[in-house]
Amino acid sequence: MYLSKSKYCLGVQCEKILWLDKYKSEEKEETKNDAVLDNGTEVGIYAQQLFGDYTVVDFNTNLSKMIDDTKEYLKQDNIILCEASLSYNNNFCSVDILKKDNDSYEIYEVKSSTEVKDIYLDDASYQYYVLKNLGLNVNKVSIIHINSNYVRHGEIELNKLFNIVDITDIAISKQEYIKNKIDELNEYMNNKEEVDKDIDLYCFYPYECPFFKYCSRHLPNNNVFNLRGMPIKSKMKYYHDGKYSYKDLLNEKINEKYKQQIEFEMNDLKPYINKDNIRKVLNDLSDKIYFLDFETYQMAIPPYDNIRPYEQIPFQYSLHILNNNNLEHKEFLSEDSIDPRRSLAERLVNDIPINSCTVAYNMSFEKMVIKALANIYPDLSEHLMNIYNNMKDLMIPFKDRDYYVKEMEGSYSIKYVLPALFPNDPSLDYHNLNLVHKGDEASNAFLSLSKLDKKEKEKLRYALLKYCELDTYAMVKIYDKLKEVTN
Ligand code: SF4
């Protein structure tokens with residue numbers, strides 16, 4: 001079997017992933033991992049510059065061409081070769097950065113993550129296996145990853161942006177395992193008959209497996225894996241103990257919130273409303289309320305000064321101001337390709353006066369964004385921190401389960417709460433929006449603006465405004481609903 005390093009890593013997670021991918025790919029479902037953007041490409045390009053002059057093996061769908069090109073380049077005594085492509089006995093790998101110094105080699109695997117995960121060790125060790133078996137004298141294997149403590153000031157400082165972790169000893173220690181694993185995978189893949197494999201933690205670590213629905217098809221519809229918020233380890237324990245149906249779980253000592261989800265879904269219960277507790281939340285709000293929601297994006301490589309890798313960078317907000325029965329809307333959407341933070345912060349302090357009652361849904365996010373702005377703009381800091389200190393959270397009644405509807409399915413995210421409270425209101429249905437329907441789409445849309453022509457840009461900017469507007473309009477409607485049910 002032809003085995004790439006990514007296939008090998010999947011095989012380490014579970015050999016059946018490879019088998020299903022080959023023989024039953026139609027059972028594959030989309031998972032969160034598919035959406036992981038390759039921040040990696042940009043990171044890779046920066047990492048290549050860590051070593052000075054370098055050569056890149058051009059990508060070719062014909063791997064033999066890349067392998068031949070690599071061989072040719074490696075005839076040089078000293079070279080930094082990126083995307084070096086090598087194959088031993090059908091085991092193929094592409095080395096992010098291969099440093100050749102006379103007859104010795106160093107492997108550098110680049111990751112856009114801020115830590116070294118176990119699966120990276122398998123990845124890099126597999127590369128060591130291929131190169132060693134080709135007879136190359138590899139004396140160092142390292143993982144290059146993003147340093148989350150780095151803060152950009154001026155030009156990117158590559159040696160501060162990246163951490164380089166030497167994992168040579170681990171790579172050496174894994175060689176016997178890799179050899180056996182490759183044999184095992186080859187044998188497994190040659191078998192056309194499907195072998196039963198029970199689900200376990202490896203279905204979720206290091207990545208959520210796209211075949212979980214298929215491999216768990218023996219479970220009843222209402223089972224422990226539908227419970228929102230329960231750690232996967234606990235779910236697996238109940239599963240292995242044979243107590244995985246909702247009925248079984250009701251006899252177990254489980255948290256009240258799981259019991260509530262189960263009972264509501266099993267018995268089709270009517271909404272639960274704790275009026276007194278909801279009133280306490282409402283009484284804490286003023287007559288004039290500023291409903292605020294930010295949209296942000298994140299980059300592995302900080303695009304501007306005073307930003308850490310993956311820091312949330314706000315580029316947009318929507319603000320609905322409810323003054324008794326009067327509703328006013330304000331909004332901000334930055335121009336693209338500029339640092340949006342200063343103009344956003346200025347507009348925000350203009351739109352929200354000192355000592356206002358500002359309400360967000362899951363306010364820890366909005367507070368984090370405001371605090372970061374206050375830290376970098378001392379002249380606005382006092383006003384921003386006043387907004388921060390006066391912020392209230394509309395999520396509380398749902399998080400505390402003082403208002404629970406079966407359709408929330410155990411979640412208190414606004415994306416569940418809203419349709420559960422307003423199932424028949426098309427004006428509150430995110431599906432009815434154009435182009436942008438959720439947070440990650442908003443980030444991607446904003447980042448793509450600079451590549452669009454004027455007309456397309458206007459269209460997408462309009463979609464972004466409508467999306468963010470719905471986020472705060474939804475809060476206003478939820479607030480109204482809380483008042484209605486407590487009257
Ligand atoms: S769901 Fe689990 S058992 Fe099935 S292929 Fe994926 S990891 Fe393997």
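## Basis of the model

Because the model is predicted, local features need pLDDT of at least 70 and side-chain atom pairs count only at pLDDT 80 or more, whereas totals for chains, interfaces and linings use all residues. Residues are numbered from 1 along each chain as its sequence is written, and side-chain values use heavy atoms, with hydrogens and water left out.

## Overall make-up

The protein chain contains 21 helices and 13 strands. Helices (H or I, at least four residues) and strands (E, at least two) are DSSP runs, numbered from the N terminus. Along the principal axes, the C-alpha atoms fill a box of roughly 80 × 60 × 40 Å.

Of the 487 residues in the protein chain, 47% are buried. Buried means under 20% relative accessible area, exposed over 50%, and partly exposed in between, with a 1.4 Å probe and protein chains only.

## The ligand and its shell

Around the ligand stand Cys14, Lys16, Ile17, Leu20, Lys197, Tyr202, Cys203, Cys209, Phe211, Phe212 and Cys215. A residue is counted as near a molecule or strand if one of its heavy atoms lies within 4 Å of it. Helix 2 (15-23) and helix 10 (212-215) are the elements that give two or more residues to this shell. Helix 2 provides the largest share, three residues.

The shell has nine nonpolar, no polar and two charged residues. In this classification Ala, Val, Leu, Ile, Met, Phe, Trp, Tyr, Cys and Pro are nonpolar, Asp, Glu, Lys and Arg are charged, and the others, Gly among them, are polar.

## Cavities

The cavity search runs on a 1 Å grid over the protein atoms alone: a cavity is a set of points where a 1.4 Å probe fits but cannot get out, and lining residues have an atom within 4 Å of a point. Grid points are joined across faces, edges and corners, and a volume is the space filled by probe spheres set on the points. By this rule there are two cavities of 30 Å³ or more.

The largest cavity has a volume of about 110 Å³. Of the 14 residues that line the largest cavity, Cys14, Lys16, Cys203, Cys209 and Cys215 are the closest to its centre. The ligand takes up the space of this largest cavity; a molecule sits in a cavity or pocket if more than half of its atoms lie within 2 Å of its grid points. Helix 2 and helix 10 each supply at least two residues of the lining, and helix 2 gives the most, with three residues. By class, this lining has 10 nonpolar, one polar and three charged residues.

The second largest cavity has a volume of about 30 Å³. Its lining consists of Glu311, Gln312, Pro314, Arg341, Ala372, Leu373 and Ile376. Helix 16 (residues 363-376) gives the most to that lining, with three residues. The lining residues divide into four nonpolar, one polar and two charged.

## The second largest pocket

A pocket is an open set of points with protein on both sides within 12 Å along at least five of seven lines. The second largest pocket has a volume of about 260 Å³. Phe212, Lys213, Ser216, Arg217, Leu219, Pro220, Asn221, Asn223, Phe225 and Asn226 line this pocket. Four of these residues are nonpolar, four polar and two charged. Phe212 also belongs to the shell around the ligand.

## Loops and backbone geometry

The loop between helix 9 (175-190) and helix 10 holds Pro206, which is joined to Tyr205 by a cis peptide bond with omega about 0°. Asp196 lies in the loop between helix 9 and helix 10 and is exposed, at 73% relative accessibility. Asp196 and Phe211 are 15 residues apart in sequence and 13 Å apart in space, C-alpha to C-alpha.

Two residues other than glycine with positive phi are described here. Asn89, with phi near 55°, is in the loop between strand 2 (78-88) and strand 3 (91-101). Asn89 is exposed, with a relative accessible area of 61%. Arg401, with phi near 60°, is in the loop between helix 18 (396-399) and strand 13 (403-404). Arg401 counts as buried, at 10% relative accessibility.

## Cysteines

The structure holds zero disulfides, a disulfide being a pair of cysteine sulfur atoms within 2.5 Å. For Cys9, the nearest cysteine sulfur is that of Cys93, 11 Å away; Cys9 is buried, with a relative accessible area of 11%. For Cys82, the nearest cysteine sulfur is that of Cys93, 14 Å away. Cys82 is buried, with a relative accessible area of 0%.
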